[in-house]
Amino acid sequence: MVQNYHRDAAGHLRWRTAETEDGPGLPPSSRAIVSPYDTSARYARHGHIISWKGFSAHLTETCAPDGPNVITDVATTASTTHDSNVLPGIHIRLHRRGLLPDEHLVDAGYTSLPHLEQAARDHQVTISGPLRGNPTRQHRRGEGFARDDFHIDYDRRQVTCPQGQVSQGRHDPYPTSSPTAAPLIVARFTKSQCQPCPARAQCTTSRESTRTIGFPPRELRDLQLRIRAEQQTPEWKTRYAVRSGVEGTVNEFAHGHGMRHCRYRGQSKTHVQHVLTAIAINIERLSGLPPTEEAPSPRRPTAFQNYLDQREIPRPKSWRTLGT
């Protein structure tokens, strides 16, 4: 009932509509019930084309050039969970199984500065994936002064603009609204600095005619600059191209084994379906290997078989051949 109705100021029940200035709006996707058959399913949308109701599956597989690629981890989350939030749990499970890679190739949805730094610090894993670019208007349009055009002096706790003005205010790192974003340090320039500046139109369109610059702490900023520079090299692009192979695995999951159709209700049972599907795919891949030339080593006799043999108690011939 809460999903569709709300009480107004007078206490009367009202039908929920799209968010307005004086109304509560619709429930967020993380709370809205979208299926009468599974109340834990959620609606999600990627871009303007892909949308679904249910859960998300995250696959990790090996990419060795000299052997079959096998799935080493399967994570099932609510469809509204951001991809980068899944990465720490994947590394914890791989560490527990002794399957942590030296380098983990991921797509852009899994890369965030805090998680890249955490993976390197806690598990010595290098995460390779496209790091999100500078979101400022100047950087997107390729005109004006973007954040990278400002000189950041962490020791003096100040920022210098391209015109030589030094910031007059600074706020220490504070958490952002997104759990995947790095904490920001904000430096501010005053009206007396920005209004008379001849290059103000290239810098800001703020009504107050002032510019603010947000940037992560030093260790994350250094990591950000290093990764962005490395991603421009041909060596990194060649190495990262290997990641495209997992798209075939996702397609095999979805179209070959019906992953997009939940056979059970609830996230935990859906996860069991995903794990069993991954096991089936691994069996198919390993069973396609050519037989080895060496004869398999004989199976060792069990303790019970040794007990019978030591006491010269007869047992079926098939038992004896297992231990010889």
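## Overview

The accessible surface of the chain amounts to about 21,000 Å², and carbon and sulfur atoms hold 53% of that surface; areas of this kind come from the Shrake-Rupley method with a 1.4 Å probe, and for residues only the protein chains shown count as cover. This is a predicted model, in which local features need pLDDT of at least 70 and side-chain atom pairs count only at pLDDT 80 or more, while totals for chains, interfaces and linings use all residues. Residues are numbered from 1 along each chain as its sequence is written, and side-chain values use heavy atoms, with hydrogens and water left out.

The chain has 324 residues, of which 32% are buried (buried is under 20% relative accessible area, exposed over 50%, and partly exposed in between, with a 1.4 Å probe and protein chains only). Its secondary structure consists of 11 helices and 12 strands; helices (H or I, at least four residues) and strands (E, at least two) are DSSP runs numbered from the N terminus. Of the contacts in the chain with a separation of 6 or more, 49% join residues 24 or more positions apart, where contact means heavy atoms within 4.5 Å.

## Helices α1 and α2

Helix α1 covers residues 87-97 and helix α2 covers residues 113-123; their axes come within 10 Å and cross at roughly 15°. Axes are lines fitted to C-alpha atoms, for helices over the stretch in contact, and angles run from 0 to 180 degrees between N-to-C directions. The two helices α1 and α2 are therefore roughly parallel to each other (angles under 35 degrees count as roughly parallel, over 145 as roughly antiparallel, 65 to 115 as roughly perpendicular and the rest as oblique). From α1, the residues Pro88, His91, Ile92 and His95 meet His115, Gln118, Ala119 and His123 of α2. The residues of this contact comprise three nonpolar, five polar and no charged; Ala, Val, Leu, Ile, Met, Phe, Trp, Tyr, Cys and Pro count as nonpolar, Asp, Glu, Lys and Arg as charged, and the others, Gly among them, as polar.

Within α2, the buried residues are Leu113, His115, Leu116, Ala119 and His123. These buried residues pack against α1, β7 (126-128) and α6 (218-230). After α2 comes Gln124, with a positive phi near 55°.

## Helices α8 and α9

The axes of α8 and helix α9 (residues 267-287) come within 11 Å and cross at roughly 115°. In the contact, Thr249, Glu252 and Phe253 of α8 meet His274, Thr277, Ala278, Ile281, Glu284 and Arg285 of α9. Three nonpolar, three polar and three charged residues form this contact.

Glu252 is placed in helix α8 (residues 245-256) and is partly exposed, with a relative accessible area of 24%. Leaving aside residues up to four places away in sequence, Glu252 touches His257, Ile281, Glu284 and Arg285. Glu252 and Ile281 are 29 residues apart along the chain, and 8.4 Å separates their C-alpha atoms.

## Positive phi in two loops

Arg157 is a residue other than glycine with a positive phi, near 60°. Arg157 belongs to the loop between β8 (151-153) and β9 (158-160), and its relative accessibility of 43% makes it count as partly exposed.

Glu312, also a residue other than glycine, has a positive phi near 55°. The loop that holds Glu312 runs between α10 (303-310) and α11 (317-322). With 71% relative accessibility, Glu312 counts as exposed.
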